[in-house]
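Here is a friendly tour of one protein chain for someone meeting it for the first time. Keep the 3D view open while you read.

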Amino acid sequence: MTIRPRRSVLYMPGSNARALEKAKTLPADGVILDLEDSVAPDAKEGARKQVVETVKAGGFGAREVIIRVNAVDTPWHADDLTAAAQAGADAILIPKVQSAETLEMIGRRLLDMHTPVKTRVWAMIESPLAIFNILSIAAEARDSEARLSCFVLGTNDLAKDTRARLVPGRAPMLPWLTTVIAAARIHGIEVLDGVYNDLGNAEGFAAECQQGVELGMDGKTLIHPNQIEPCNTAFSPTAAEVEWARKMIAAFDLPENKSKGVVSIDGRMVERLHAEMARRTVAIAEAIAARG
Ligand SMILES: CC(C)(COP(=O)(O)OP(=O)(O)OC[C@H]1O[C@@H](n2cnc3c(N)ncnc32)[C@H](O)[C@@H]1OP(=O)(O)O)[C@@H](O)C(=O)NCCC(=O)NCCSC(=O)C[C@H](O)C(=O)O
Ligand SMILES: [Mg+2]
């Protein structure tokens, strides 16, 4: 089982040369070089040029490199997509995706531009319409031309469009978050949680990371380097979880259990589905350990 850890994925404004450089030294699993909301309109063209040069120059090591372009209905989108397609990023993040048709159109454009197949498409889910269309959007992952591999929650835009409050525990948003995760799992897509804006509130941030883990998110998007370490910790399996996972796998590998669907270990019922989950836990832990 090959797994790429995406515990922590840090946004940075594409117009901020210092942040782009610093990103190469930070322990984030991925970095999103942003051309959208963190870049002012009169800085868009300069940021696009700077981001493409930065990605082409490389130096990001094992970190996944993602370029967030402007949305399809903006005057910058076409030039952003053309530039991002040629930059050699691991993924292009499309904000404000509302329908499957948008991803089909982008997939066709990337094909026309002979974009390397290694460049995937990530979609931001951040509007009420996207939530209601989520199953058909997620189904695009079955079409290789669309390249869809990851959803990113845009919880600030979701709050803006719905008027839901960003409160501790996120009760108003839970139905949307869990709907997106369910649709993603149906079609084998990864899901990253939205950002936590209150940079001074370490406790609140840790609680939201833990909630993301419990909901089944694969990781979280971040806005500041200080958020990386606590996020990596939250989204890494603990030593006890890995030990328990190895125990479950070993139990089902025993010859006497080969034909059993369920066994008892340390007083707990363990089914084959638990061993399957355990294999994923071990694969993630090993992929994290391989990062050093
Ligand atoms: C929020 C910030 C503007 C704060 O910046 P600053 O005041 O410079 O912070 P610090 O002085 O504490 O910075 C310390 C050093 O760390 C570097 N730094 C800061 N942030 C980043 C970053 N994101 N990536 C890389 N490096 C960063 C500083 O350069 C300092 O370095 P040094 O000079 O060596 O000391 C800033 O953190 C920031 O701009 N964050 C990202 C904001 C962003 O990208 N927002 C858009 C994405 S979020 C979004 O759109 C959500 C979604 O769409 C939705 O709808 O929810
Ligand atoms: Mg947004």
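Let's start with Glu 126, which sits in the loop between β5 (120–125) and α5 (128–132). Helices and strands here are DSSP runs numbered from the N terminus, with helices (H or I) needing at least four residues and strands (E) at least two.

Before going further, a word on the model: it is predicted, so local features need pLDDT of at least 70 and side-chain atom pairs count only at pLDDT 80 or more, while totals for chains, interfaces and linings use all residues. Residues are numbered from 1 along each chain as its sequence is written, and chains are lettered from A and ligands numbered from 1 in the order in which they are written.

**The annotated pair**

The UniProt annotation "binding site", from an unreviewed entry, covers Glu 126 and Asp 157. The two span 32 residues in sequence, but no two of their C-alpha atoms are more than 5.4 Å apart, so they gather at one spot. UniProt positions follow the numbering used here, feature names are shortened, and annotations may be inferred rather than shown by experiment.

Asp 157 belongs to helix α7 (residues 155–162). Are these residues buried or exposed? A residue is buried if 20 or more other C-beta atoms lie within 10 Å of its own, exposed if 12 or fewer, and partly exposed in between, with C-beta atoms placed from the backbone.

| Residue | C-beta neighbours inside 10 Å | Counts as |
|---|---|---|
| Glu 126 | 24 neighbours | buried |
| Asp 157 | 18 neighbours | partly exposed |
| Leu 254 | 10 neighbours | exposed |

Now for contacts, meaning that two residues have their backbone-placed C-beta atoms within 7 Å. Leaving aside neighbours within four places in sequence, Glu 126 is in contact with Pro 95, Lys 96, Leu 153, Gly 154, Asp 157 and Leu 158.

**Around the ligand**

Asp 157 turns up again here: of the 21 residues around ligand 1, Met 12, Ala 19, Gly 154, Asn 156 and Asp 157 come nearest. A residue is near a molecule if its C-beta atom, placed from the backbone, lies within 6 Å of it. The elements giving two or more residues to this shell are β1 (8–13), α1 (17–22) and α7, and β1 gives the most, with 4 residues.

**The inside**

A nonpolar core is a set of buried Ala, Val, Leu, Ile, Met, Phe, Trp, Tyr and Cys residues joined through C-beta atoms within 7 Å. Of the 74 residues in the largest one, Ile 67, Ala 123 and Val 180 touch the most other members. Helix α8 (residues 174–186) supplies the largest share of this core, 6 residues. Val 180 touches Ile 125, Ile 134, Phe 151, Leu 153 and Val 191, not counting residues up to four places away in sequence. There is also a second, separate core of 8 residues, including Val 270, Ala 278, Val 282 and Ile 284.

**The whole chain**

Stepping back, the chain has 12 helices and 10 strands. Its C-alpha atoms fill a box of roughly 65 × 45 × 40 Å, taken along the principal axes. Of the chain's 292 residues, 42% count as buried. Among contacts between residues at least 6 apart in sequence, 72% join residues at least 24 apart.
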